[in-house]
Amino acid sequence: MTQPSTPRQKPGFLPGVIFASRWLQLPLYLGLILAQAVYVFHFWVELVHLVEAAFGNQAALQAIYEASGQHGEGAPTHLTETTIMLVVLGLIDVVMISNLLIMVIVGGYETFVSRMNLDGHPDQPEWLDHVNASVLKVKLATAIIGISSIHLLKTFINAENYSDKVLIAQTVIHIAFLFSAMAIAYTDRLLHHPAADQPPH
């Protein structure tokens with residue numbers, strides 16, 4: 001025999017106002033969507049410059065040469081493997097930052113603002129099934145490490161245009177990101193997985 005459901009208690013005025021204040025975050029997530037659009041535009045501008053440079057457009061070649069952080073006395077006359085690699089890594093960097101934005105927008109809205117009711121939707125992200133504030137922090141930390149790795153690889157490929165101080169600083173910062181992500185993941189494990197020797201309640 002099923003028990004009658006307990007009627008929901010309507011919150012008081014002040015608790016209702018405090019709870020409704022979560023919607024103040026909505027403009028922030030809409031702003032991130034605009035930032036996502038800017039990244040999409042930037043991606044296609046860089047990609048078009050790369051394709052034009054491959055067909056010998058000197059203006060496009062000069063644009064991607066300067067955008068990739070390379071420096072030289074004379075203007076380049078053709079695409080080099082290093083330039084192509086730096087531009088492609090820059091495009092990958094934009095994609096990874098875009099993925100990070102999606103995680104913040106979708107996961108943050110679902111966690112802190114309102115449910116999206118995507119159950120059963122064919123395009124529902126797999127990670128959204130078990131997302132919460134703690135899982136979101138770990139995923140964001142992992143994404144930041146990936147972005148930092150791309151930046152560090154770009155710096156090493158173009159190392160002749162950077163000082164030793166910059167190379168060391170970027171390496172130390174990347175290692176700090178690694179340790180921070182490990183600390184976040186370990187803390188999450190301690191909070192949500194009790195020690196094995198503790199008796200179950």
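Among contacts in the chain between residues at least 6 apart in sequence, what share join residues at least 24 apart? The figure is 62%, where contact means heavy atoms within 4.5 Å. This is a predicted model, so local features need pLDDT of at least 70, side-chain atom pairs count only at pLDDT 80 or more, and totals for chains, interfaces and linings use all residues. Residues are numbered from 1 along each chain as its sequence is written, and side-chain values use heavy atoms, with hydrogens and water left out.

View 1. Reading along the sequence gives the pattern α-α-α-α-α-α. Helices here are DSSP runs of H or I with at least four residues, strands are runs of E with at least two, and both are numbered from the N terminus. Of the 201 residues, 27% count as buried. Buried means under 20% relative accessible area, exposed means over 50%, and partly exposed is in between, using a 1.4 Å probe and protein chains only.

**View 2. The largest pocket holds about 200 Å³ of space.** Its lining is made by 14 residues, with H42, E46, A67, G90 and K154 nearest the centre. Helix 2 (26-54), helix 3 (58-67) and helix 4 (81-113) are the elements that each give two or more residues to that lining. Helix 4 gives the most, with seven residues. By type, the lining splits into eight nonpolar, three polar and three charged residues. Nonpolar covers Ala, Val, Leu, Ile, Met, Phe, Trp, Tyr, Cys and Pro; charged covers Asp, Glu, Lys and Arg; the others, Gly among them, are polar.
How is a pocket picked out? On a 1 Å grid over the protein atoms alone, a pocket is an open set of points where a 1.4 Å probe fits, with protein on both sides within 12 Å along at least five of seven lines, and lining residues have an atom within 4 Å of a point. Grid points are joined across faces, edges and corners, and the volume is the space filled by probe spheres set on the points.

**View 3. E46 is a buried residue with no salt bridge.** E46 sits in helix 2 and is one of the residues nearest the centre of the largest pocket. The nearest side chain of opposite charge belongs to K154, 8.5 Å away; Lys and Arg count as positive and Asp and Glu as negative, while His and the chain ends are not counted. Leaving aside neighbours within four places in sequence, E46 is in contact with I64, A67 and L91.

**View 4. E110 and R115 meet in a salt bridge.** Zoom in on the side chains and the N to O distance is 3.1 Å. The term needs a side-chain nitrogen of Lys or Arg within 4 Å of a carboxyl oxygen of Asp or Glu, and a search of the whole structure finds one such bridge. E110, in helix 4, is buried at 11% relative accessible area, whereas R115 is exposed at 58%. Not counting residues up to four places away in sequence, E110 touches R115, M116, L128 and V131. N132 is 22 residues from E110 in sequence, and their C-alpha atoms are 8.4 Å apart.

View 5. I184 is partly exposed, with a relative accessible area of 32%. I184 and K137 are 47 residues apart in sequence, yet 7.6 Å apart in space, C-alpha to C-alpha.
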